[in-house]
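Subject: Structure handover

Hello,

The structure is below, followed by notes on what turned up in it. Please look it over when you have time.

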Amino acid sequence: MNGIQIQIIGAVGSGKTRVAQEIVDILREKGLAVKWDVSPDYKSEIDTRMDGNNRLQALESISNKSTIIVKEIQAHKDFNAALNYRVQGYINKEE
C-alpha cells in the first residue's frame, strides 16, 4: 500500500464514526486526498455524516467518555504482518 492508513479502533458506541468524520473533514480542508472507508453499518459516506447540532452534541458526548490515543506504526514490506504483530496483545486468545 502506498500511502497512509488511519484506523480508528474502539468499542461500540465509543464515537469512532464521529471522530472519523472530523479527521476526514480536517484532512480534506488541508488539501489532502482522503478516501473514507465507512463501516459496514452505513451504505456510503453521505449516509454516515452528521450535520449541525447533532454533530456538535455527538462530539461533546465523546469528549466526556473517551480518551483518544494517537500512535504511529511504521509499516514494512508486509503491512498486514506488521499490523498483526502490533495488535496481537489486544486480541483475546481462547485457551
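The lining of the second largest pocket in this predicted model divides by class into 13 nonpolar, five polar and four charged residues. The space in that pocket amounts to about 750 Å³. Its lining consists of 22 residues, and those closest to the centre are I6, Q7, K35, W36 and D37. Helix α1, residues 16-29, supplies six lining residues, the largest share.

As α1 contributes to this pocket, here is what else was computed for the helix. With 14 residues at 1.5 Å a residue, α1 should span 20 Å, and the distance between its end C-alpha atoms is 20 Å, so the two agree. The expected span takes 1.5 Å times one less than the number of residues. Within α1, the buried residues are R18, V19, A20, Q21, V24 and D25. An α-helix has 3.6 residues a turn, so residues three or four places apart point the same way. After α1 comes G31, with a positive phi near 90°.

For the chain as a whole, the secondary structure consists of four helices and zero strands, in the order α-α-α-α along the sequence. The chain has 95 residues, of which 17% are buried. Its accessible surface is about 8400 Å², with 51% of that belonging to carbon and sulfur atoms. Of the contacts between residues at least 6 apart in sequence, 47% join residues at least 24 apart.

Regards

Key
Residues numbered from 1 in each chain as written. Predicted model: local features only at pLDDT ≥ 70, side-chain atom pairs only at ≥ 80, totals over all residues. Heavy atoms only, no water. 1 Å grid on protein atoms, 1.4 Å probe; cavity = no way out; pocket = protein on both sides within 12 Å on 5 of 7 lines; lining within 4 Å. Points joined across faces, edges and corners; volume = space filled by probe spheres on them. Helix = DSSP H or I, 4+ residues; strand = E, 2+ residues; numbered from the N terminus. Nonpolar A, V, L, I, M, F, W, Y, C, P; charged D, E, K, R; others polar. Buried < 20%, exposed > 50% of the residue type's maximum accessible area, 1.4 Å probe, protein only. Contact = heavy atoms within 4.5 Å. Areas by Shrake-Rupley, 256 points an atom, 1.4 Å probe, with all protein chains shown as cover.
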